[in-house]
Amino acid sequence: MTGFLAGLGGKVAERWLSLLTLPGCLFVTVAWVASALGQGRATDPDHLADTVSGWYEGAQDTRPGTLGAIAAGLLVLAALAGLTAGIAGQAVLVLWFARWPGSLGRRMRDVEQRVSGYYQVDLQMLWPRLWLVLAPHVRKELRVVITAVESATVWGAWGLGYLVLGCWWWPAAVIGGVVLCAGWVLARQRTLELAALVESAVDIGLRPVARSLGITAPSAASPAEVGLQLAPVLHKRIAAAASPVSPQRWRAPSGPPVDRRGAAPGGP
């Protein structure tokens, strides 16, 4: 157990370092350069070198504890920048997948329309049941692609952050534009892979979902026929589809007549 916890702690620290600290340190460094140079001396390397030299000489007379506190503060700022980028990535995800022409969400909507038109089922209603019957390696592949899409949106969030720094140092805006475009390209590529995987998962998993819900379709049944049998269960329309018994046609169950005063004829 001790070895397991130590290995788990190492993996968590490595993931935190790679996802939060390193991109955050780069962002903090660019922000410091932006504050040192500004727009007036944006491309003046001599001024940057003088600034770094002055900071280094000042650090020689600083106590080690103070330097350690400064380094820890910079790491905290880098981690906060990484967390902010992760949260902003959700906003970028919504922006890139919004319902406007050319958005990445159009790829997934095309899959949803094809599935609904061919199988006569709603993909949003089918997907939770489908996920439960998919093979572990298929779910793993889907998770990898979904994670890649989310990572690409985080790239977009970093790009937006660098664009904001461009207000103080215009080269940061160039960096932001490059990072934003790279995130868009990666997100588009991964979204195409995700759309293909989702449609393939529906193709191979529709009959297992039907069997798990107690629907046994003949082997010769077409996919559309399987979908038609599955749709009422997914949408909980079985009770609504069944014709209710009319009160006027209701009949009492057969049995011996009962005296309305409470005793049956021939009884004690």
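Predicted model: local features only at pLDDT ≥ 70, side-chain atom pairs only at ≥ 80, totals over all residues.
1. Arg188 touches Leu104 and Arg107, once residues up to four places away in sequence are set aside. Arg188 belongs to helix α7 and is partly exposed, its relative accessible area being 38%.

2. Overall architecture. The protein chain contains nine helices and zero strands, giving the pattern α-α-α-α-α-α-α-α-α when read along the sequence. The chain has 268 residues, of which 26% count as buried. Of the contacts between residues at least 6 apart in sequence, 65% join residues at least 24 apart.

3. Helix α3. This helix runs over residues 64–96 and comprises 33 residues. From first C-alpha to last, α3 reaches 46 Å, which is close to the 48 Å expected at 1.5 Å a residue. Which residues of α3 are buried? They are Ala78, Ala79, Ala81, Gly82, Ala85, Gly89, Val92 and Trp96. As background, an α-helix has 3.6 residues a turn, so residues three or four places apart point the same way.

4. The C-alpha atoms of Ala88 and Val154 are separated by 7.2 Å, with the two residues 66 apart along the chain. A second pair is Ala85 and Trp155: these residues are 70 apart along the chain, and their C-alpha atoms are 8.2 Å from each other. Ala85 is among the buried residues of α3, whereas Trp155 is partly exposed, at 42% relative accessibility.

5. Trp155 and its surroundings. Trp155 is found in helix α6. Apart from residues up to four places away in sequence, Trp155 touches Val179, Ala182, Gly183 and Leu186. Why is Trp155 classed as partly exposed? Its relative accessibility of 42% falls between the 20% and 50% limits, so neither the buried nor the exposed class applies.

6. Arg139. This residue, too, is placed in helix α6. Leaving aside neighbours within four places in sequence, Arg139 is in contact with Trp131, Leu132 and Leu134. Arg139 and Leu197 are 58 residues apart in sequence, and their C-alpha atoms are 9.9 Å apart in space.

7. The largest pocket. Its volume is about 560 Å³. How many residues line the largest pocket, and which lie nearest its centre? The lining consists of 17 residues, with Phe97, Met108, Leu123, Leu194 and Val198 nearest the centre. Four helices each supply at least two lining residues: α4 (105–119), α5 (123–133), α6 (136–165) and α7 (170–212). By class, the lining has eleven nonpolar, two polar and four charged residues.

8. Most residues other than glycine have a negative phi, and most peptide bonds are trans. Gln120 is not a glycine, yet its phi is positive, at about 60°. Where is Gln120 placed? Gln120 sits in the loop between α4 and α5. With a relative accessible area of 40%, Gln120 is partly exposed.

9. Cysteines and disulfides. A disulfide is a covalent bond between the sulfur atoms of two cysteines. A search of the whole structure finds zero disulfides. On accessibility, Cys25 is partly exposed, with a relative accessible area of 26%, whereas Cys181 counts as exposed at 51%. The class of Cys181 follows from the 50% cut-off, because exposed means over 50%.

Technical notes: Residues numbered from 1 in each chain as written. Heavy atoms only, no water. 1 Å grid on protein atoms, 1.4 Å probe; cavity = no way out; pocket = protein on both sides within 12 Å on 5 of 7 lines; lining within 4 Å. Points joined across faces, edges and corners; volume = space filled by probe spheres on them. Nonpolar A, V, L, I, M, F, W, Y, C, P; charged D, E, K, R; others polar. Disulfide = S-S within 2.5 Å. Buried < 20%, exposed > 50% of the residue type's maximum accessible area, 1.4 Å probe, protein only. Expected span 1.5 Å × (residues − 1). Contact = heavy atoms within 4.5 Å.
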